[in-house]
Amino acid sequence: MRSHRRAAPAPTGLPADVPGAFRTGPLASLAGQVEAGLVARLATRSGDVTLLDTDAAPGDWRRRVRPALQRLGPDARLVFNALSKDYLDLTEPGPAGRRGRAALGVAELARFATAAQTTVEAVVPYGALLGHPFGGRSLLAPLDRTHRWRRGVSWLARDDGRADLAAFLEQRVVQALPPGVAPYVMVVLARHADPAGNAGFAERHRLALSGSGAADLVELVRAQVGPAGSLEGDLDRLLTPLKARVFAFELLDQLSSRWPAFDPDGLLTPARSGEFARWRRAKAADGEATRLAREWSDGCRERVLHATDLTLSLDYGLVRAILEQYYDLYEERLG
Amino acid sequence: MKPIAVLVSLWAHHFGALEVFLESRGPVVLLVPGSAASPELLELAARHGCEVVATRSLLPPRYSPAKRLLPAAEALRGHLAGWEPEGVDPVGRELLRRLVAERMDAELPAAVMVLQSLAAARACYDIRLYATTEDITARGRLVAGWAASHKIPSLHLAHSIALADPYTVHARLGADKLAVYGARGAEGYLDLGVAPDRIVVTGNPAWDGYAALAGRRPQLRAELDQEYGLDPTLPLVVFGTTWMGHMTGLEPPGDTNAASLRAFLAACEELGRSGVRVNAVIKDRPANTSRGEATLTELLAEGEPKLQRYVRCTAHTREFAVAADVMVGVDSNYLVEAMLVGTPVVNLVAEGLAILGPTFDEESGVVEAEPAELAGSIRRLLEDPGFRAARLAQAAARIGYYNRGGLDGQSARRVGEVMAAMAVPPPESPSAGPVRRIRTLWGAVLARVAR
């Protein structure tokens, strides 16, 4: 479904709006790869049935799921995907419209499962790197609305380093988090009744989501990752290429500015976190130097001559002087 | 009625746009902010029958900015002494105040002179447009501010494609409008939130001349072989050097010019060890005459004796872009020039500088290489015809995204037309009836020409 993509490029020759790029190009391939991986991991029994809607905005999940459940064998499970209502609630707060009603919330899923005499076995989020299906404020916003992000993502099609990193983040990090973090969920329903189990599932999810202070997110990821240290080790290897590090930095920097309590250092080795901290400080210095150079003369009426702010002529040299001397950024240190 | 004038601060290689503007408008006075016009501008003006006036010449010969400077400087100094930047400790505060004071000493006298000379120019001329290649540097920014407060339309013709997102002082648009070469050049500004209707996509007038060179690869190569003593039997690999100006904290410490050059030399030596001999040309900037040679000599003296022969040059920029078999650069507009004329390019993703990227996208046919991958990337472009052809096809399909019209040679015309369309009198001109009618007529003629 392409109906919610933004309009075609303006006739000015300017680049098209970025949000229309949801689930297109390399991101569509990533989504497909992640879905195939999830199906392979979740639909393991012989009678299991998979219902995949690979549209950017899958239709109403109930309509797809009800008839499939009728045909499901006694020991089999139904694996299907849907838009995540928890995600839409987080990123597009307000009354749910038609798209919201087509999406799947965990609490509602639990009630549905009980009424249908089935059991919720898993709800796995995926697609966090894709952005927002309806141009809302995704957890990567505003980064994923930038042309810069589009350029970076385009390399997933050619650069294995960045593609492997993106797949790792989806498979090892996003899938370990509550369904609110990503636009899609992959759901497993088993063909036997367990009302108490369903209620418990919904309750655990509610707690996870309400507690998703960002620090907890890192904990959640680590808790699902088996032997301690392997997450950092695997991630560290993927961050060996410089191009992948820049890509990862963009993402983590974005996440920590969205959730100030999110501390990506929990996922990084000291060398990587040192480099990322240096880049963050440098970006902060740019902002500060620009602000300082502009603000010092605020309120001084005499700076205006012939209706023009004389101090405009200082900005260029002053920003350089502040970066060089106040932040002392460019001298090479020995040892 | 005052003579009509435009205020021009364009680089000489953008003068093609000014030519088009003057052809459509007929002669106007060309005002140059400052004390002198370049020989190129004088020559152009002579051809078009235009008078050139350096604004400084409108001030009395014995002019001194002191009378207006002293009270302003004194007030600013007093203000500065009370500046308490938030979150800065006393030592830092003193340092910052000293840095501001130093910049005031360095810039304010010239700034006062520029503004007074502009005021004198405005008293003498009906200034219709400010066209500039620089709206960020000390004078460029000041003149753009002056034009804005006097409702004089201003056009910033980008001096390059902003392949790295504009940072610090660059992260704003001082002029009313920005002319970019292709959609790519708008991206950084759009990401910053600059309104799309302030950006116009024109192509780069300085690249119009490539159309005439693009088909002459064999000849140009032979001429360069002769000029620089290159081996005609070996491929030509050109490296465009890179520079940073301490304008962003993301610039790494140390000598970025030398670091990226070292990576190029290492890659060429690696090629040499694997039996691939090349003509390795380091295309440096003329501004780097003294230091560039020394840097190369120092780097060549490091380690083992060199297997390849290296040539450093600062001229024949275009010819090398056309004749190269592979062009290597660091986030550089020179790579785009090579793409324009069908030369395959490698963008060196350099330690430290990479964080300013990604400068290119995958669709553009650019090969991205970290230092350790550089030799392999050059070799593959030289030896794998399928790979080379595929990258060139990608670049050819995408070139209009970097430079509107590709090699159509019409960028100067497009910029000139934008200038003409902007340089019309404001609609609610307070002039009396007949004058207004003449101006309106002129505006209508211009609008037709610009269409």
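1. A salt bridge is here a side-chain nitrogen of Lys or Arg within 4 Å of a carboxyl oxygen of Asp or Glu. By that rule, the interface of domain 1 of chain B and domain 2 of chain B holds zero salt bridges. The model is a predicted one.

2. The domains concerned come from a domain assignment of chain B, in which domain 1 covers 4-206 + 410-422 and domain 2 covers 209-402. Their C-alpha centres are 33 Å apart. Contact between them involves 14 residues of domain 1 of chain B and 16 residues of domain 2 of chain B.

3. The area buried between domain 1 of chain B and domain 2 of chain B is about 1200 Å², with 55% of it on carbon and sulfur atoms. On the domain 1 side, the residues that lose the most area to domain 2 of chain B are L163(B), Y167(B) and R184(B), which together account for 46% of what that side buries.

4. As to polar interactions, eight residue pairs are in polar contact across this interface, both residues of each pair being at pLDDT 80 or more. The side of domain 1 of chain B that touches domain 2 of chain B consists of eight nonpolar, three polar and three charged residues.

5. Over all chains, a search of the whole structure returns zero disulfides. For C313(B), the nearest cysteine sulfur belongs to C268(B) and lies 14 Å away. C313(B) counts as buried because its relative accessibility is 3%, under the 20% cut-off. C300(A), at 5% relative accessibility, is likewise classed as buried.

Notes. Residues numbered from 1 in each chain as written. Chains lettered and ligands numbered in written order. Predicted model: local features only at pLDDT ≥ 70, side-chain atom pairs only at ≥ 80, totals over all residues. Heavy atoms only, no water. Domains from an automatic or database assignment. Contact = heavy atoms within 4.5 Å. Buried area = accessible area lost by both parts, 1.4 Å probe. Polar contact = N/O pair within 3.5 Å; in protein donor to acceptor, adjacent residues only side chain to side chain. Nonpolar A, V, L, I, M, F, W, Y, C, P; charged D, E, K, R; others polar. Disulfide = S-S within 2.5 Å. Buried < 20%, exposed > 50% of the residue type's maximum accessible area, 1.4 Å probe, protein only.
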